[in-house]
Amino acid sequence: MALVINHNLMAMNANRNLSKSYNSLAVSTRRLSSGLRVGTAADDAAGLAIRELMRSDVKSLNQGIRNANDAISMIQTADGALGVIDEKLIRMKELATQAATGTYNSDQRLIIDSEYQAMASEITRIANATDFNGIHLLNGNLSGANSAHNGNGITSTGPVKVHFGTGNDSAEDYYYVSINNSTASSLGVGLAANNSISTQALAQASLDKLNNAIISKDKIRANLGAMQNRLENTITNLSVQAENVQAAESRISDVDVATEMTEFTKNQILTQSAVAMLSQANSMPRMAMNLIGG
């Protein structure tokens, strides 16, 4: 290479290498400080697109877990109220059995019937008052087939739709919780259902009605228990799915600290070397001046 004055080619080459090494050092610093291998689209365009989809799925899955837990809380609220209704029905059957015997007179049966009707009224009150976050659970609002659900209005009607998936496929992303009416009239007991134990014959007939009421109530509780178990299994599956998607997203997005630290050290050495060589290259034109000056 000739010794020239107009162009310092060695300095230009050293400067280019310095810029390259310094930019690489800046990237390594950014990755190590942020913990992300993919910080911008320029780092990995395809990886960034995949990562963002995975991140959205992880957020949706975690929210789905919370939705399923809310549904479990709702079911537990309904089941607790049905447990109290169960106690009232058992007491009513006890009273009906008492009134069915012939050792009581009419006045005494009327007294027994007054408590019987009070129990029926309390069942209706519990059914109408039990709610979860403003949603009445036992008054029949949530009864019916899945097709009865209507979410087009501000307030949904029909069975509760529990959404926990990342899409909108009924086979994978949601299912319905239906709770039948649990008022005294719907169970077939109390004055609202023309049921009384004021006479011996009525008391004897009430025993079958109470058995049917208890069976109806037990079917509701059994359905709720099965749905709660299903939701708990769904939560387990969603947790595993979220964990695996998060791991996949991490492999795409997160930096390997050991590998990146190796790159950082290499780029740091190259940058320091380029600075030193640029300093040397900048002093080369002085040799030409020495020749000119003799």
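Helices (H or I, at least four residues) and strands (E, at least two) are DSSP runs, numbered from the N terminus. On that basis, residues 208–292 are 94% helix and 0% strand, with end C-alpha atoms 125 Å apart. This is a predicted model, in which local features need pLDDT of at least 70, side-chain atom pairs count only at pLDDT 80 or more, and totals for chains, interfaces and linings use all residues. Residues are numbered from 1 along each chain as its sequence is written, and side-chain values use heavy atoms, leaving out hydrogens and water.

**Domains and annotation**
- An automatic or database domain assignment divides the protein chain into domain 1 (45–136 + 182–253) and domain 2 (257–293).
- The centres of domain 1 and domain 2, taken over C-alpha atoms, are separated by 78 Å.
- An unreviewed UniProt entry places the feature "domain: Flagellin C-terminal" at residues 208–292; such annotations may be inferred rather than shown by experiment.

**Helix H1**
- The end C-alpha atoms of H1 (residues 9–34) lie 38 Å apart, which agrees with the 38 Å that its 26 residues should span at 1.5 Å a residue (1.5 Å times one less than the number of residues).
- Ala11, Ala14, Leu18, Ser21, Leu25, Ser28 and Arg31 of H1 are buried (under 20% relative accessible area, 1.4 Å probe, protein chains only).
- These buried residues pack against helix H6 (257–282), where contact means heavy atoms within 4.5 Å.

**Helix H5**
- H5 (residues 200–253) has 54 residues and reaches 78 Å from its first C-alpha to its last, close to the expected 80 Å.
- At Leu207, H5 bends by about 25°, the angle between axes fitted to the seven residues ending there and the seven starting there.

Methods: Buried means under 20% relative accessible area, exposed over 50%, partly exposed in between (1.4 Å probe, protein chains only).
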